[in-house]
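Thank you all for coming.

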Amino acid sequence: MRVKGFSAAATAAGIRYQDRLDLGLIYSDRPAVTAGVFTTNRVKAAPVLLDRERLQRGQAQAILINSGNANACTGEEGMAFARSTTELAAQHLDIDPELVQAASTGVIGEPLAIAPFANAMPELVAGLAHDGFNDLARAMMTTDTIPKIVYRTIAVDGVMISILGLAKGSGMIMPDMATMLCFVLTDARIVFPVLRDIVRRGVDNTFNRITVDGDTSTNDTVLVMANGAADNGWLDEDDPGAVETFSGAMQEVFSELATMIVADGEGATRLVTIRVEGARDRAAALAAARTIANSPLVKTAFFGQDPNWGRIMAALGRSGCFFRPERVSIAFDDALMVKNGLGLGPDAERKAARVMRQKKFTVNVQLNDGAEYGEILTCDLSNEYIAINADYRS
């Protein structure tokens, strides 16, 4: 899992817990073309505000990442802290502070202390290595149970290009976007407008199609750095075929990371795709799928393996999507349970219940009112989710 010109490191700085990796660093040996997408929450963490400001130049060379504290709802002190820590990293890396991005995840509303960062920075920078990404992925984790890393190599016009993606996220997940951090590194040489468009479209089709609990975070960040070390021909509007090849690989990375986030949802035992077909327009289909996917009643039924299709119909009815109830069909995988708005009886429900025992299945909702469809990836809502979030700060 090596991407030319990139290195990473992680250390246990003691930001919230002792003897736990919680501070990480990504470094490119040259300034990289960088594009980002951030939370749509009106409450934005200090790192998000700082990154958006600095990304106006379309370049970055390093990303400083901490877990344990979100540095959100911390006012001017939080902004000053984000600047100070990135300046500290820049000083040790001997680069312009404006080229350092920041990312934080953890508890909201608590101030951070500078000492753990200052004490850990020399070791962190000294530990930068081409194989440091596994430790970095662990340092980003909060309630995650597994590190999330995806790696791809592709040939573009005869040149091998590498793409490495890392993400964290388990709860407070409902993009546009979720309490997730995602960093994708590539040695491709690409112009900023093309990279920005690829990132925006990729995020919209993947991370903005998942939900764990319907909550949108203050810290959501996707950053993609392309340092050009592969020395391929420029990916720009003059080579649409090469751009399409690269874009497809990037979307694969996004999609796999997004799926890993939902599968690792807090307390999740089931990975469920909600597919709404036969809508009049795509936006309505997505709204319907998202409403079903976020319904606590639907999600707890998934956990209990109860094919309670009435909960799905009720969620569909409040989604804002136009449909005629008497035309709706509902199936779990290929187990048809509702046809023309009416249940098909106990035998059909028993077949659906057997599907629900699987770790992964699809709820197919057919509106029979148009040609558009939408999909949202979700999970069940278990007792463990309640336990994790009841004790989150303690």
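**Overall build, then a closer look**

In this chain, residues 24 or more positions apart account for 80% of the contacts that have a sequence separation of 6 or more. Please keep in mind throughout that what you see is a predicted model.

As for secondary structure, the chain holds 11 helices and 14 strands. Its radius of gyration is 22 Å, close to the 21 Å that the globule rule gives for 394 residues, so the chain is as compact as a globular protein of that length. If you take the principal axes, the C-alpha atoms fill a box of roughly 70 × 55 × 35 Å, and 57% of the 394 residues count as buried. The chain exposes about 15,800 Å², of which carbon and sulfur atoms supply 48%. On the charged side chains, there are 38 positive and 48 negative ones, and the centres of these two sets lie 7 Å apart.

Let me turn to the strands, starting with an open sheet of six that runs in the order β12-β11-β10-β13-β9-β14 and has mixed pairing. At its edges stand β12, residues 342-343, and β14, residues 372-379, and each has a single partner strand, so one side of each is left without a neighbour in the sheet.

Is β7 enclosed by the rest of the structure or left open? Six of its six residues are buried, so β7 is largely enclosed by the rest of the structure. Leu-181, Phe-183 and Leu-185 point one way from the strand, while Cys-182, Val-184 and Thr-186 point the other way, and all of them are buried.

β7 has pairings of both senses to look at. With β6, residues 159-168, β7 pairs in the antiparallel sense over six bridges, and Leu-164 has Leu-185 of β7 as its bridge partner. With β8, residues 221-226, β7 pairs in the parallel sense, again over six bridges, and here Val-184 stands opposite Val-224 in β8.

For a sense of distance, Arg-52 is 130 residues away from Cys-182 along the chain, and the C-alpha atoms of the two are separated by 15 Å.

My last stop is Asn-69, which has its place in strand β3, residues 59-69. With a relative accessible area of 4%, Asn-69 is buried. Leaving aside neighbours within four places in sequence, Asn-69 is in contact with Ile-15, with Ser-104, Thr-105, Gly-106 and Val-107, and with Glu-110, Pro-111 and Leu-112.

Technical notes:
Residues numbered from 1 in each chain as written. Heavy atoms only, no water. Helix = DSSP H or I, 4+ residues; strand = E, 2+ residues; numbered from the N terminus. Rg over C-alpha atoms; globule rule 2.2 N^0.38 Å. Buried < 20%, exposed > 50% of the residue type's maximum accessible area, 1.4 Å probe, protein only. Contact = heavy atoms within 4.5 Å. Areas by Shrake-Rupley, 256 points an atom, 1.4 Å probe, with all protein chains shown as cover. Lys, Arg positive; Asp, Glu negative; His and termini not counted. Charge placed at Lys NZ, Arg CZ, Asp CG, Glu CD. Pairing = 2+ DSSP bridges.
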